[in-house]
Amino acid sequence: MKNSNTKLILLHPYIQKQGSSNRLWLLTFMSLFTLAFLLTIIYTSGLYVYSTATTTATSTANTAATITATNSPMPTTVINTLLHYASKSNDTFKMSYSEIKPISDVLRKCSSPCNFLIFGLTHETLLWKALNHNGRTVFIDENRYYAAYIEEKHPEIDAYDVQYTTKTKEMTELIKVAKEQIRNECRPVQNLLFSECKLGINDLPNHVYEVDWDVILIDGPRGDWPDSPGRISPIFTSGVLARSKKGGSGKTHVFVHDFRRNVERVCGDEFLCRENLVEESETLGHYVVERMEETSFQFCRNNNRGVTSSSSSAANNSSSYSSSSK
């Protein structure tokens, strides 16, 4: 008889089910984890985009508000307060309220940004800078040390020094020379940076000649004795700058302080012109000078008045301004 050693191997069905169930739970867990992770990323990205958009919008609004505030005109009450205290100063050489007010009125009406050029660093320097707070304000002075001192003490002030070569007592001869060279070096429309006219100021920084000045105030240099530089050059230079404008307004307001002195009046008549004088007092002349074509070779439309007669009048009355203060 043959013995059979056949072995029977039984696979319990529970074992198979348990393994499949574990893998199924693992797969389900991984799927849920992945879904949660994706949802978290999407939600976070949405918050970031919203936050960025909100921040950008807020920043833009704040920037616009800042620009609007910066470009807004100075309140009338502030202007009047500045004028009041400036005119009430104890400084001997200060301007009176009636002298400051016309200049302030023109600056207030000037389109922003207004270009304001001042000859002379004076008691009113900070006032002019404040009144033209949205514009460009440049000062020209004869004293390089004082100009440096002012800039160091008040960094917001833009000041340059110039060495004047004229003398008050030479006014008659200087005007005569300018008339003789009116079609050449002393013509009314030109870039003075390249000019050799004795009356022209040609040693300022290049950009000063490139700016279209809206308002010019002549309150320097000194002009109260025969050997003082006088304001012959600033008046001539202002006349050329006003007529040589390339852009902006076609008109330039030019104020001449100490207008009672004959040098200021005579040179004003010659180079700013009587027909452009819109307002005057004993101490302040206000001219409005228009832009001219390069082919123009006369400062004034009324060219009949002789230079000699007006200049001689100033020379004969030199004693009348030699005691003036400034």
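**Walking through the sheet**

Okay, let's start in the sheet: strand E1, residues 115-119, runs parallel to strand E4, residues 215-218, and four bridges join the two. If you want a spot to look at, find Ile118, which sits opposite Leu217 in E4. Keep in mind that this is a predicted model.

Now let's turn to the other neighbour of E1. E1 and E2 are parallel too, with five bridges between them, and there Asn115 stands opposite Arg136 in E2. How does the chain get from one to the other?

Look for Ile140, whose bridge partner in E3 is Tyr160. And here we get another right-handed β-α-β unit, made by E2, helix H5 at residues 144-153, and E3.

Right, let's zoom out. What is the strand order in the whole thing? We have an open sheet of seven strands, and reading across, you go E3-E2-E1-E4-E5-E7-E6, with mixed pairing. Which strands are at the edges? Those are E3, residues 158-161, and E6, residues 277-280, each pairing on one side only. From one strand to the next, the twist averages 15°.

How values were computed: Residues numbered from 1 in each chain as written. Predicted model: local features only at pLDDT ≥ 70, side-chain atom pairs only at ≥ 80, totals over all residues. Heavy atoms only, no water. Pairing = 2+ DSSP bridges. Axes fitted to C-alpha atoms, helices over the stretch in contact; angles between N-to-C directions. Right-handed = clockwise from strand over helix to strand, strands pointing away.
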